[in-house]
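Me: I have a chain open and would like to talk it through with you. Could you start with one residue and its surroundings, and then widen the view?

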Amino acid sequence: MNTNTISLEKAQASQLDQWRIELSIKCKNGINFIFAAALIWAGIAVIWNLGLSTYNQSILTFSISGLMLPLAWIFGKIMKTAWNVEGNPLNRVGMIFNIGQLFYFPFLFILLGNQPEYFALGYAIITGAHFFPYAWYYKTNWFGAFAGIIPFGSWLMAVYFTSYASLIPAFTSLCLVIMGLGLMRDYKLKVAKVQ
């Protein structure tokens, strides 16, 4: 491999990292979405303590999730996060990553129709797992770590605490709060490095 090719590859990798860091800083690692999700999962924990049928709890769980975008918008205004970073070619990739989780929703509908008692578990697994590509996108390990912690932690709770279904949404909410705080710290470290 000649040195010109190596230099070009390094320059391209450096440019890619700059775009990722720009997204991480301007979007503040998507913390508005994370804290909105933490609030929604806290609401889901309440729903799973209402004593309704698991089918109705599952329907309410799916319904409350409709608050995600309005809450993320409100948190975005409060936290001054960007939704769009004009001129950054990776701008749309985040939306594509997010839309990717919709392809898992048929699994939720199967659970709803056949085993609604596992609906919160299935939803927690999808929620956690969909964070994985954001570790690359925002150039932070927080997303990668919680992409594993939320699904596997939820699964372990389902195995060992079968009578306490509301623990899974509460655990997910707590994980999202911790992840959000970690992402805020990551954002501040990147801003300090850039200045």
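**A residue and its surroundings**

Reply: Leaving aside its neighbours within four places in sequence, F146 is in contact (heavy atoms within 4.5 Å) with G128, P151, C175, I178 and M179. This is a predicted model, in which local features need pLDDT of at least 70 and side-chain atom pairs count only at pLDDT 80 or more, while totals for chains, interfaces and linings use all residues. Residues are numbered from 1 along each chain as its sequence is written, and side-chain values use heavy atoms, with hydrogens and water left out.

Me: Where does F146 sit, and is F146 buried or exposed?

Reply: F146 is placed in helix 9, helices being DSSP runs of H or I with at least four residues and strands runs of E with at least two, numbered from the N terminus. F146 counts as buried because its relative accessibility is 6%, where buried means under 20% relative accessible area, exposed over 50% and partly exposed in between, with a 1.4 Å probe and protein chains only. From C-alpha to C-alpha, F146 and T127 are 10.0 Å apart in space and 19 residues apart in sequence.

Me: And A158, which residues is it in contact with?

Reply: A158 also belongs to helix 9, and beyond its neighbours within four places in sequence it is in contact with L121 and I168. A158 counts as buried because its relative accessibility is 17%. Between the C-alpha atoms of A158 and N141, which are 17 residues apart along the chain, the separation is 26 Å.

Me: Let's step back. How many helices and strands are there?

Reply: The protein chain has ten helices and zero strands, so the order of elements from the N terminus reads α-α-α-α-α-α-α-α-α-α. The C-alpha trace spans about 65 × 40 × 25 Å along its principal axes. Of the 195 residues in the protein chain, 43% are buried.

Me: Which loop is S65 in, and what is it in contact with?

Reply: S65 is in the loop between helix 3 (54-64) and helix 4, and apart from neighbours within four places in sequence it is in contact with I40, I44 and Y123. S65 counts as buried because its relative accessibility is 15%.

Me: What about A170, buried or partly exposed?

Reply: A170, which lies in helix 10 (residues 167-194), counts as partly exposed because its relative accessibility is 35%. Although A170 and G43 are 127 residues apart along the chain, their C-alpha atoms are separated by 8.8 Å.

Me: Changing topic to the backbone, what is phi for K80 and K139?

Reply: K80 has phi near 55 degrees, a positive value in a residue other than glycine, and K139 likewise has a positive phi of about 55 degrees although it is not a glycine.

Me: Where are K80 and K139, and how exposed is each?

Reply: K80 is in the loop between helix 4 and helix 5, and it counts as exposed because its relative accessible area is 65%. K139 is in the loop between helix 8 and helix 9 (141-160), and it counts as partly exposed because its relative accessibility is 32%.

Me: Last one, the largest pocket: which residues lie nearest its centre, and which helix gives the largest share of the lining?

Reply: Its lining has 35 residues, with F33, M68, L69, N98 and Q101 nearest the centre, and helix 2 gives the largest share of that lining, seven residues. A pocket here is an open set of points on a 1 Å grid over the protein atoms alone, where a 1.4 Å probe fits, with protein on both sides within 12 Å along at least five of seven lines, and lining residues have an atom within 4 Å of a point. Helix 2 (31-47), helix 4 (68-79), helix 5 (93-100), helix 7 (119-129) and helix 8 (132-137) each supply at least two lining residues.
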